Amino acid sequence: MSAAQKFVNKIDSGTIHEASDALETGQISSLELCQNLIGRHDDIDGKINGFLSLDTSQILEDANASDARRKNGKQLSRYDGIPIAIKDNLSVKGQTCGCASKILEGFISPYNATVINNLQKNGVICFGRTNMDEFAMGSTTEFSAYKKTSNPWDINRVPGGSSGGSAAVVSSGQALAALGSDTGGSIRQPASFCGVVGLKPTYGRVSRYGLVAFASSLDQIGPITRDVKDAAILLELISGRDELDSTSLPNSDFNHHEVGNDFDVSSLRIGIPKEFLEIDGLSSEVNDAFEKSISVFRSRGCDIVDVKLPSIAYAVSSYYIIATAEASSNLSRFDGIRYGNRIDRTSDLLDIYLDTRENGFGEEVKRRILLGTYVLSSGYYDAYYLRAQKIRTLIRDDFNNAFNNCDLILSPVSPVSAYPFGSVSDPLQMYLSDIYTIPVNLVGNCAISVPASFDGDGMPIGIQLIGNSMDEIRLLQAAHWFEFANEMEKNDEV
Amino acid sequence: MKFDVVIGLEVHVQIRTNTKMFCGCSNRYGAEPNTLVCPVCMGYPGVLPVPNKEGIRNTLLAGLMCECKIALYSKFDRKSYFYPDMPKNYQISQYDLPFCEDGKLVISGKGLSQELIATKTIGITRIHLEEDVAKSTHFKQYSGIDFNRAGVPLMEVVSEPDMTTPDEAYAYLTALKQIMQYADISDCDMEKGQMRCDVNISVKPSGSPTLNAKTEVKNLNSFKAIHKSLHYEIERQSDVLESKGHLVQQTRGWNDDIGETYIMRTKEDAADYRYFPEPDLMPIEISSDYLEELKKEVPETPGQRCARFIQEFSIPEYDASVLTSDKACADYFEQCIRFGSNPKKTSNWIMVELLRELSQSNKTFDKCPISPKDFAELILLITDNTINGKIAKTVFNDMFSSRKSASVIIDEKGLKQVTDTKEILEFVKRAIENNPIPVQQLKEGKASALNFLVGQVMKFSKGKANPQLASEMIKKESS
């Protein structure tokens, strides 16, 4: 068996670093790599529905160009020729960028997001547009205006959301890795549901320029990958201060080599917020997985400490005020005047606005625009938006205090594992299930979801590690260690 | 019934910068529609604003010129409303923490009616910074939007309701325009939309302590229109009160063709702008070091310059105020003085000749055909008697139309004043010979006879004789 064939055989479980090694040593070409992934897509995406579109001729052209560069010794980086799937809310020049919404049907972005520029500078190939909840509003990807994405572990279940397409294509072997966006858990929760790794970087570490905004003060782009090392590599490629994003942080470059193997886990203090264990609706299986993860850390000498997050009870309500307020404003630009789908049955301006938005937006998006418009209305601002911002400050104080007593916080990602389509119809119930991920967006810290265990139906369960602001190195080191130790533990059990 | 009038103004001033307020597009007037645009100022999905330091600097500068308190901690907010000229359907503006607050502006001089108004201090409530919207043009079947203007830095200067007459409002606008021009913040050309004004006016029975509901008037495109609309509103509101009517808060537009305001909306349908802090921008912190540096860069105000002209050049207050009312004019004057011309003579010639010619030919100082250097030379040639005043006027007119220098024109046309006594004596003798009666009258002490005889000499010399010399020689020769 040729070396190339060897990698191709395991392509549905391959990683960026393995593919990169194979490209560097000539075991495989970018063209072969992309052709195989496209083949895999053609075989299975009819069942998974993870991609909204896949421009195969462009991808093969890019792959050929990459191979030519490498042949001439002019590769842009060791990742030249690596394909990465892109969530449908990230702008790639010349490609559709529809946020899985009818209102942006056919819209072609005229510019590149900064993360896309950063990837392309390194020769990385944009590999298709992944499905999502419309404008990233949802936890199941059921709110896509186009199709429902299935969980590759059980196609009758949801993949999570809103980056459900990205998680599903990585999990089902159609992509080595993907970019997603996380406003309240939209990377971490689908990663947990689909058994892959999902990283939400510190707010400001990755430029938001070119990410179609849902809630500006909460949104962050991040990687969905097959292992922690890949998450570190992708973070290195996309992070860094960007003059085009005023909220991007100085010195936010990241070097994945700092996530090494010589990590002394026994010096870690892992904080466990007891409030997180008292959540209504925390399933016993998720709780078991969480307890087991704690014991993995404890057994290697980590200090497990109790931390308090007393204001966390208000996190979900303040989040849904702030996020919807910002969303109502961010989504007001979709009016059919300059781009996107305009409906002008009459020449009356108000009719154009009403018809365009009535037909263009889905139920969940409308619900959130209404809520956000309401909380910003004159007379209600102080009672809702201002108060929510005050709670946000209290939660930030909680986390600061907690991180005085620990290095990382460990928690579940979601109270439940992946559930069947249509089983959560009450929006409030859906919102409440974001309790573990939302606080991290409110305070702007980094967090990662790493596969930990499985439920009784064999569905994956992830655990979440939360790091302090800009503490991605420690976060990824610990996650990388856990990934390895947990694997060992499982092998021991067998 | 007698009435008191309360007037406050909201003035928008476009700030002159190289680029727009939140993107890299050129900030320039007059380009082909929609050629100075990018995804950011068109409000495309995913774009983010980046604040323009120059725009903030100029706003602070305007605040310092108006003696405002400068906020060391400030922020931008979003103001939401749907309209096609607004690319994002929200405008990045400032709500509760504007850059400048609590300033003042001194008004004096003449109003539009040419009546002198008493010197008065008008309070400035706030100056905040925002982005301009696009320009809509409405045609019969459709509307066009030019996004070149979208995102241009725009300052809003809100006055206290301290004005009581249309003339005071006019003087306030004039003073504000002067400030903006002096600090090089804006040209304030209303025709180009660089300065736009909404007026707030309410009328109440004389001496009444309670204010009546105000009217806001929009669509005012010139100082004259503002003046006229205020007169119209005073009359309209007074009539309502006279007839025991009730005034309600409303927004009215101005129809310049018929000289009337018309109702646009009442308070009931006032928009809810849903202001909230712009999450895409960090709060703006101004360091006290930066502010101190900026204070050093604050240019002389028109009032300070006027006082300096009086002191430094010993010219009358009237001259100084005319010259300094337009920054370009004051600059022109100072440049002439630097080339050595006499201040009072220069001032006279600018005020009487140059300003008239410029206004007749519809030109501004930047298009003045006579350079300050050439103008100073003309004044020098008058002062040293190379030409007399009468010849100087024809030379000036020639300079204005031909752009030649005074000395070239004098050489070409042989206009140099005759100071050679022998030459003048010839003309004097001829004048005495030809006019025995005036000579007799002169001997009897009639002053007008001397003027007549000098005139004769000027005529013979084709205006070139030095009139003083001629006069002395006539007296001598006829005695």
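User: Which residue stands opposite A:Lys87 in S3(A)?
Analyst: In this predicted model, A:Lys87 of chain A has A:Thr130 opposite it in S3(A).

User: How many bridges join S2(A) to S3, and do they run parallel or antiparallel?
Analyst: Strand S2(A) is joined to strand S3 (residues 125-130) of chain A by four bridges, and the two run parallel.

User: What does the chain cross through from S2(A) to S3(A)?
Analyst: The path from S2(A) to S3(A) goes through helix H5 (residues 114-121) of chain A. This β-α-β crossover is right-handed.

User: What about S4 of chain A, how many bridges join S2(A) to it?
Analyst: Two bridges join S2(A) to strand S4 (residues 178-182) of chain A, and these strands also run parallel. The bridge partner of A:Ile86 in S4(A) is A:Leu179.

User: Why is S2 of chain A largely enclosed by the rest of the structure?
Analyst: Strand S2 (residues 83-87) of chain A is largely enclosed because five of its five residues are buried.

User: Which residues lie on each side of S2(A)?
Analyst: A:Pro83, A:Ala85 and A:Lys87 are on one side, with A:Ile84 and A:Ile86 on the other. Both faces are covered, and all of these residues are buried. In a regular strand, side chains alternate between the two faces of the sheet.

User: Moving on to the nonpolar cores: which residues have the most contacts inside the largest one?
Analyst: They are A:Ile84 and B:Tyr172, in a core of 218 residues. Helix H2 (residues 166-182) of chain B supplies the largest share of this core, with 10 residues.

User: And what does B:Tyr172 touch?
Analyst: Leaving aside residues up to four places away in sequence, B:Tyr172 touches B:Leu9, B:Leu105, B:Ile107, B:Ile122, B:Ser159 and B:Met163.

User: How many residues are in the other core that lies apart from it?
Analyst: That other core has 30 residues, including B:Phe309, B:Ile382, B:Met399 and B:Leu415.

User: How many residues of each chain are in contact with the other?
Analyst: The contact involves 24 residues of chain B and 34 residues of chain A. On the chain B side there are 15 nonpolar, four polar and five charged residues.

User: Which domains does the assignment give for chain A?
Analyst: Domain 1 covers 3-258, domain 2 covers 269-310 + 387-493, and domain 3 covers 317-382.

User: What separates the centres of domain 1 and domain 3 there, and how many residues are in contact?
Analyst: In chain A, the centres of domain 1 and domain 3, taken over C-alpha atoms, are separated by 28 Å. Between them, 20 residues of domain 1 are in contact with 18 residues of domain 3. The domain 1 side of this contact has 11 nonpolar, six polar and three charged residues.

User: How is chain B divided?
Analyst: Chain B has domain 1 (3-290), domain 2 (300-413) and domain 3 (421-478). A separation of 32 Å lies between the centres of domain 2 and domain 3 of chain B, taken over C-alpha atoms. Their contact takes four residues from domain 2 and four residues from domain 3. The domain 2 side divides into one nonpolar, two polar and one charged.

User: Last topic: what is the order of the open sheet of three strands in chain B?
Analyst: The order is S5-S4-S15, with antiparallel pairing. Strand S5 (90-93) and strand S15 (276-277) are the edge strands, each pairing on one side only. Two bridges join strand S4 (residues 77-80) to S15(B), where B:Phe276 stands opposite B:Arg78.

Notes:
Residues numbered from 1 in each chain as written. Chains lettered and ligands numbered in written order. Predicted model: local features only at pLDDT ≥ 70, side-chain atom pairs only at ≥ 80, totals over all residues. Contact = placed C-beta atoms within 7 Å. Nonpolar A, V, L, I, M, F, W, Y, C, P; charged D, E, K, R; others polar. Domains from an automatic or database assignment. Core = buried A, V, L, I, M, F, W, Y, C linked by C-beta atoms within 7 Å. Buried ≥ 20, exposed ≤ 12 C-beta atoms within 10 Å, placed from the backbone. Pairing = 2+ DSSP bridges. Right-handed = clockwise from strand over helix to strand, strands pointing away.
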